[in-house]
Amino acid sequence: MRTFNRFLALALFSSALITGCQSYPSNSNHHTLANLHAHPQAAKVQVELSAKSYHLNDPIRFRVTSQQTGRLWIVQVDPDDQATVLYPPSSAVDNRISANLATDLPNANWATEFRAVKPTGRSQLAFIVTPEKYSLDDILMIRNGKLTKTAFASDQSWAFTQMPLVIYP
């Protein structure tokens, strides 16, 4: 029985390592993002990446589908715990997304492309769709690379999903 318990503990530990189960300090951006949850009845957002992992300078493409019309925001927390808005890259870009219509990024309306850049390692990406009248600051504020949840974050009118992004040297 003791051997079985050791085997089970080792198997569970190995599984946690393989699946990327990580614990972050409560004041980290990774922790803030990991604890951001849309209302259970909120619309869903689905994301497809062009690959499972990337090497430096590889192009990165997303296909995003939301159950609701609104504005799409992509936030990254990198391996150094720095938070940045990947999309839209500026207020000049139209970040509207239509319900149940796949949106490819980058697209013809945006002359830039996403590329895998340093720091290498595992980042976390958040794909947030807000109603058109709201901005990202109504869900998450990013100031000097630091994330803070806002009061509107408990509302059910925004949609959200997150996924890891792994970049190798």
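Student: What makes β11 and β12 a hairpin?

Tutor: Two residues lie between β11 and β12, and one of them, Asn 144 in the turn, has a positive phi of about 55°. The model is predicted, so to speak of local features one needs a pLDDT of at least 70, with side-chain atom pairs counted only at pLDDT 80 or more, while totals for chains, interfaces and linings use all residues. Residues are numbered from 1 along each chain as its sequence is written, and side-chain values use heavy atoms, with hydrogens and water left out.

Student: How do you know that β11 and β12 pair?

Tutor: Pairing requires that DSSP find at least two bridges between two strands. Strand β11 (residues 140-143) and strand β12 (residues 146-149) have four, in the antiparallel sense, so they meet the definition. Strands here are DSSP runs of E with at least two residues, and helices are runs of H or I with at least four, numbered from the N terminus.

Student: Why are β1 and β8 called edge strands?

Tutor: Three strands form an open antiparallel sheet in the order β1-β4-β8. β1 (45-49) and β8 (103-105) each pair on one side only, so they are its edges. Strand β4 (residues 62-66) pairs with β8 over three bridges, and Phe 62 has Leu 105 in β8 as its bridge partner.

Student: What does the confidence say about helix α1?

Tutor: pLDDT is the predictor's confidence in each residue, from 0 to 100. The protein averages 83, and 82% of the residues score at least 70. Helix α1 (residues 2-19) has the lowest mean, 36, whereas strand β2 (residues 54-55) has the highest, at 98.

Student: What makes the largest pocket a pocket, and which residues lie nearest its centre?

Tutor: On a 1 Å grid over the protein atoms alone, a pocket is an open set of points with protein on both sides within 12 Å along at least five of seven lines, whereas a cavity is a set where a 1.4 Å probe fits but cannot get out; lining residues have an atom within 4 Å of a point. Tyr 87, Asp 94, Arg 96, Asn 107 and Asn 109 lie nearest the centre, among 15 lining residues. β8 gives the most to this lining, with three residues.
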